[in-house]
Amino acid sequence: MPVSNATAWGQHPDGRPLHRWTLRNARDTQIDVSDLGGTLLSWQTPDRHGRRGEVLLGHADASQYIDSNAYMGAIVGRWANRIRGGRFRLDGIDYKVDRNDGGNHLHGGHDGFHLHRWDVEPEGDDLVLRLVSPEGDGGFPGEVDVELRMRLEDDGTLDLRYEARTNAPTPLSLTAHPYFNLNDRRPDIRDHLIHIDADEFLAIDAGAIPTGREPVAGSAFDFREPAPIGARLHWPDPQLRLVGGFDHCYVPRRTADGALRVVAVVTEPSSGRRLTVETDRPGLQFYSGQKLTGQPGRHGESYGPFAGFALETQAFPDQVNGPDAEAAILRPGTIWRQHTRYRVDTL
């Protein structure tokens with residue numbers, strides 16, 4: 001179905017007006033998107049009884065999104081996740097980028113893509129978002145041009161197709177950062193059952209920087225068969241204690257050609273809603289929402305811990321400082337592409 005026209009939605013700190021658009025499908029699903037950070041503001045979809053409800057966490061207005069440090073629903077970049085010490089070397093040159101997470105770089109820095117005002121226009125059934133990130137943005141080299149096409153399909157899939165180009169070599173890893181709660185009547189996701197199709201995850205240090213791959217077998221991180229999030233949080237695993245829950249990158253199984261594949265499925269028993277995540281990215285960050293305490297909600301309430309969870313498709317954290325750094329570098333004359341799909345339906 002065609003995208004709605006823009007409606008006014010607050011003001012950017014630079015004085016420009018902000019807007020929101022609405023995507024709808026034939027099955028009573030509605031998704032609202034803002035030009036502030038390409039943010040997914042709302043996702044309303046029916047449960048197994050046909051009652052439409054909200055499955056995304058969100059703030060009340062634009063000013064709360066601007067002031068928040070939760071990246072609620074936003075597109076984050078230039079670098080999703082962390083870079084150790086905010087430093088990396090590229091083609092023999094040392095770079096320093098914003099350090100905004102205990103001495104590390106996180107999600108694009110102080111003024112990442114989540115705070116930029118994107119250019120947005122409907123094109124038929126697509127909502128097309130474009131952003132020019134200038135040379136030096138967050139400390140990163142090169143100018144980067146990004147295009148993101150969003151489409152809501154009738155089966156409940158939000159299809160995200162990214163493309164980016166640059167005029168100088170630069171690291172690039174983008175992701176969407178929606179927080180899901182598939183039961184709009186209970187502000188807690190610990191009863192959700194999660195399946196992650198991965199044999200390995202990245203263990204972390206106290207700064208949440210990866211230290212190496214570890215097998216999930218026999219650990220709290222083994223979701224190859226569906227398991228409740230809450231039950232696993234009680235396991236005596238030192239990796240969970242480091243960050244108070246799950247905030248780790250998984251290494252999902254990949255197809256031989258690197259094509260789109262299902263990496264995670266989450267179900268909520270009461271509502272019957274199911275979230276399926278497909279991507280062509282190598283990494284999947286699972287965050288159980290333990291640090292959401294005090295984040296403002298849409299209706300004057302404050303969220304508590306485990307109010308929502310995030311599944312972020314991306315490059316590996318700190319990949320620019322690892323042996324596979326080149327795979328995370330965008331170079332002139334090439335096109336960086338990413339394809340991710342989030343589908344919410346019912347059992």
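These are my notebook entries on what I looked up in this structure.

**Ground rules**

I am working with a predicted model, where local features need pLDDT of at least 70, side-chain atom pairs count only at pLDDT 80 or more, and totals for chains, interfaces and linings use all residues. Residues are numbered from 1 along each chain as its sequence is written, and side-chain values use heavy atoms, with hydrogens and water left out.

**Entry 1: the whole chain**

I began with the overall make-up and found 3 helices and 27 strands in the chain. Helices (H or I, at least four residues) and strands (E, at least two) are DSSP runs, numbered from the N terminus. The radius of gyration is 19 Å, close to the 20 Å that the globule rule gives for 347 residues, so the chain is as compact as a globular protein of that length. That radius is taken over C-alpha atoms, and the globule rule is 2.2 Å times the number of residues to the power 0.38.

I then looked up the box that the C-alpha atoms fill, and it is roughly 60 × 50 × 40 Å along the principal axes. Of the 347 residues, 59% are buried. Buried means under 20% relative accessible area, exposed over 50%, and partly exposed in between (1.4 Å probe, protein chains only).

**Entry 2: Val 277**

I found Val 277 in strand S23 (residues 273–279). Val 277 counts as buried because its relative accessibility is 0%. Leaving aside neighbours within four places in sequence, its contacts (heavy atoms within 4.5 Å) include Val 263, Leu 311 and Tyr 342. I also checked Gln 64: Val 277 is 213 residues from it in sequence and 28 Å from it in space, C-alpha to C-alpha.

**Entry 3: Asn 81**

Where is Asn 81? I traced it to the loop between strand S6 (75–76) and strand S7 (82–83). Its relative accessibility is 1%, so Asn 81 counts as buried. Its side chain makes a polar contact of 2.8 Å with the side chain of Gln 314. For a polar contact, I need a pair of N or O atoms within 3.5 Å; within protein, one must be able to donate a hydrogen and the other to accept it, and residues adjacent in sequence count only if both atoms are side-chain atoms. Not counting residues up to four places away, Asn 81 also touches others, among them His 105, Leu 106 and Pro 317.

**Entry 4: Asp 47**

Asp 47 sits in the loop between strand S4 (40–46) and strand S5 (52–54). Is Asp 47 buried or exposed? I noted it as buried, because its relative accessible area is 7%. A polar atom of the Asp 47 side chain lies 2.9 Å from the backbone nitrogen of His 49. Leaving aside neighbours within four places, Asp 47 is in contact with Ser 271, Arg 273 and Thr 346.

**Entry 5: the largest pocket**

My last search was for open space. A pocket is an open set of points, on a 1 Å grid over the protein atoms alone, with protein on both sides within 12 Å along at least five of seven lines; lining residues have an atom within 4 Å of a point. The largest pocket has a volume of about 570 Å³. Grid points are joined across faces, edges and corners, and a volume is the space filled by probe spheres set on the points.

I counted 30 lining residues, with Asn 69, Tyr 71, Arg 82, Asp 101 and Leu 106 nearest the centre of the largest pocket. Helix H3 (238–243) and strand S24 (283–287) are the elements that give two or more residues to that lining.

Key: 1 Å grid on protein atoms, 1.4 Å probe; cavity = no way out; pocket = protein on both sides within 12 Å on 5 of 7 lines; lining within 4 Å.
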